[in-house]
Amino acid sequence: MPQVSTATVHDVVVVGSGAGGGTVTNVLANMGVSVLLLEAGPMIGISDFKEHMWPYNVPHRGAGAKGQLYFNQPTGFTYSATFGGSQIEGEPYTVAPGSDFSWFRSRVLGGRTNHYGRVTLRMADYDFKPKTTDGLGFDWPISYSDLAPYYDKAERFIGVTGSIENIRSAPDGIFNPPGALKAHDVLVQRACAKNGIRAVAARQAVTTVPRNGRPACHYCGQCGRGCTTASNYAASYVQIFPAMKTGKVQVVANAMARELMTDASGKVTAVSYIDKTDGSEKQVRCRTVVLAASACESARLLLNSKSSRHPQGLANSSGKVGRYLMDTVGFSMSAMVPALSGMPHYNSDGYGSHLYVPWWMWDRHKELNFPRGYHIEVGGGYGMPSVNSFNGVVNRVEGYGTPLKQAIRDEYGTSIGLSGRGEMIPNEKSFCEIDPETKDRWGIPVLRFHWEWSDHELNQVRHMQTTFRAVLETMGGRIATGGGRGGGRGTAAATGMGSQPGQQAPQTGQSGPQTGVPTVPGGQPSSGGAGQRAGNAAATVPISRGGAIIHEVGTVRMGDDPQNSPLNKFCQAHEVRNLFVADAAPFVSNADKNPTHTIIALAWRTAEYLAEEMRKGNV
Amino acid sequence: MSEITRRDVLRRLGATLMATGVLDRVSAQEVHHLALAQSGTNGAYTPKALSDQEYKTLVRLTDLIIPVENSKPGAVAAGAAAWIDMLASENSQLKDIYTKGLAWIDAEMKRRASSVFVSATPEQQTGLLDLIAYRRNSTPELDPGIVFFTWVRRMTVDAFYTSEIGIADIDYRGNRPQAAYAEPTEAIAYALKRSGL
């Protein structure tokens, strides 16, 4: 295969442009360091976003150009800012027998930050030392105080809503003013209080005041379709576009990294990539490389960088690359709340969730049969009608004509959804490795996933079930049977399509797999059990499928001991001094805090460390 | 992009956004969106997937599913059948479901009333729908009709409530820029009173 290698040696080559790669690129560019950024997907522009569009502005209205929605197939997300999915043509992955795992990938500048839920939570002090706390899992090689300054920087830069609450499980940050609570939020907050649970303003990566040339949020509710004013955070328009204006950044789109090339000293000298536009293989030479391709892609790249000197892959003498893969424990339940029926309509859009529930039992583990904890994300309101919005009510009431229409009207906006997002304990049975047989369309060996939830996670979901039911019933809610799949907007899942009436339909893909905002479009409760996955011993517990919450972390973890951790405490490979990892791969645990904020803070710290090491001539 | 459209955009955005200095960035995008919005769903539509007869039957079914209500327009005005036909023209599996389903409807109506569906009386039409609109009426004979009606009903509801008419009908008030997120005091008072919280 012809290889094109330019003579230029780039100071830093960053692989991947999501939260980690975007942060590294922006921070380095602002420090005057030049960056070559490889992105496996296309470039993106503001005009690619669908914010402010109405469903009738797209011919298929979000059902997919060929109506894929109705056949349980990916719709292509042509009506959201989501790009990619768990199935990408020509880029498969495999799952070991007995495992169940779904791997969502975005191939586009900005990656998943273009559409994600924008939940922005700091890890708590104890989250960095879980093994010390309860003997399970592993401690991070850093403490809260190491990362806190970078959480500060990230919050000042991005803009995060929130309120000062002094809750140990949810460290306060530098917040901008949150939006007022919505009507359903007030019910949730009061119902939680009656159950001894405190609900507070949501912490969302949305600036509600003008910031760095970005106008304040205009509360149109379309965060998941990409923000044309860049008022919410996405790596593309908040970090990479501004960084490009410094003249320090060169973006190479459609560049699928294949392998890291090393010299006899073991240092990375170049990144080999496939130019997807013509299938050719190219190389860029580098002084340092930062992997931010997403946790599993970064692991894959290291494992595929095999040579006689590195038979297990690069930076993998420990054998831990790919190990300790974690996702978030997900479970959702929604209810139709009669108190909301007939309520005077109002514009409830805002910026997604305005309320959330931090973990409230961090000091009461003796009362529980599981370790760690979870937070609750709140959904509801009068969402923009979209395809599938009313499928739940339609299938329940059936019929046709004015009674059907009245039932839809009565139920619109009456649904409240609660989504639990909890901590998974790393285990030996959940990991990814290179599949010995399968290659992608570019000839790159693919990942094979192994996955197993343990009783820790299953018991946590049982606790979510009990808790959510109590809260929803306190407000008079009528529980939709069992609750839906944990994943994001899965509460929209409903029964009724397919070859037989009443057969369960999959989640709609049209809203995008937004991970943080359990919006209930159109306000129907979820139908019972739709889309739930149960693997292993999980048969009776409606836990989310592995990977479904799209919080996969771990796989190239940090640690002080090179024997069992590929990276040191600066996310630098123990064995390869000019190799850094800046996505969620370095995570040692997966606290009940959505990972993006920690990815950004960690990447920021890594970028500063890298720049300083370069200045000193150490790398 | 015409100046008129651009002015529409500026008017829509309003003074609140001007104050924030965001207008230039937003307006270009709004123009882009408005241009896409010009393709209306009203007016004559020539079916692409279905025959004229099939299409007429589909239009009548959508009319029965989301009818005109107190002179408020329904699925016909919202172009539901056109949208379904458009998708069916892009998907042979969907087209097959509709051609076979509509054939079943006509055959069943002929068996019952010696007439195709569109020529039957409204009472005869609703008489058939009263059977196939409910899973509880499942029999081997009726099941093809029940399955098909589930498809038509779901897609008609989707088409209607994603149309301009349907969005107005359901009284969705969002998807527009606001200067601030106002506390919905009236709604909160209503919900609290009714919930007893």
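**Entry 1: a covered helix**

Which are the buried residues of α5(A)? I looked these up first, taking a residue as buried if 20 or more other C-beta atoms lie within 10 Å of its own, as exposed if 12 or fewer do, and as partly exposed in between, with C-beta atoms placed from the backbone. They are A235(A), S236(A), Y237(A), V238(A), Q239(A), I240(A), F241(A) and A243(A). Helix α5 of chain A spans residues 235-244 and is mostly covered, with eight of its ten residues buried. The cover includes α1 (19-30), α3 (144-158) and β5 (249-252) of chain A. I note that helices (H or I, at least four residues) and strands (E, at least two) are DSSP runs, numbered from the N terminus, and that two residues are in contact if their C-beta atoms, placed from the backbone, lie within 7 Å.

**Entry 2: what kind of model this is**

This is a predicted model, in which local features need pLDDT of at least 70 and side-chain atom pairs count only at pLDDT 80 or more, while totals for chains, interfaces and linings use all residues. Residues are numbered from 1 along each chain as its sequence is written, and chains are lettered from A and ligands numbered from 1 in the order in which they are written. The model scores ipTM 0.87 and pTM 0.88.

**Entry 3: β2 and its partner**

I then followed β5(A) to strand β2 (residues 35-38) of chain A, to which four bridges join it in the parallel sense. L37(A) has V251(A) as its bridge partner in β5(A). V35(A) and L37(A) point one way from β2(A), whereas L36(A) and L38(A) point the other way, and all are buried. In a regular strand the side chains alternate between the two faces of the sheet. For pairing I used the rule that two strands pair if DSSP finds at least two bridges between them.

**Entry 4: two hairpins in a row**

How many residues lie between β6(A) and β7(A) in their hairpin? I found five, and G266(A) in the turn has a positive phi of about 90°. Strands β6 (residues 255-262) and β7 (residues 268-275) of chain A pair in the antiparallel sense over seven bridges, with A257(A) opposite Y273(A). β7(A) also forms a hairpin with β8(A), with four residues between them, and here G279(A) in the turn has a positive phi of about 75°. Six bridges join β7(A) to β8 (residues 280-291) of chain A, again antiparallel, and Y273(A) has K282(A) as its bridge partner in β8(A).

**Entry 5: two open sheets in chain A**

In what order do the six strands of an open sheet lie? I read β4-β11-β12-β13-β10-β16 (chain A), with antiparallel pairing. Its edge strands, each pairing on one side only, are β4 (200-201) and β16 (478-479) of chain A. Helix α9 (residues 455-474) of chain A packs on this sheet, touching β10 (329-336), β12, β13 and β16 of chain A, and its direction makes about 20° with that of β10(A). Such angles run from 0 to 180 degrees between N-to-C directions, the axes being lines fitted to C-alpha atoms, for helices over the stretch in contact. Inside the sheet, β12 (residues 374-380) and β13 (residues 415-422) of chain A pair over seven bridges, and H375(A) has R421(A) as its partner.

Another open sheet has three strands in the order β3-β15-β14 (chain A), with mixed pairing. Its edge strands are β3 (94-95) and β14 (431-439) of chain A. β14(A) runs antiparallel to β15 (residues 445-450) of chain A, and five bridges join them, with I434(A) partnered by L447(A). Helix α6 (residues 295-304) of chain A lies across β14 and β15 of chain A, at about 60° to β14(A).

Chain B has nine helices and zero strands, and 40% of its 197 residues count as buried. Its pLDDT, the predictor's confidence in each residue from 0 to 100, averages 84, and 78% of the residues score at least 70.
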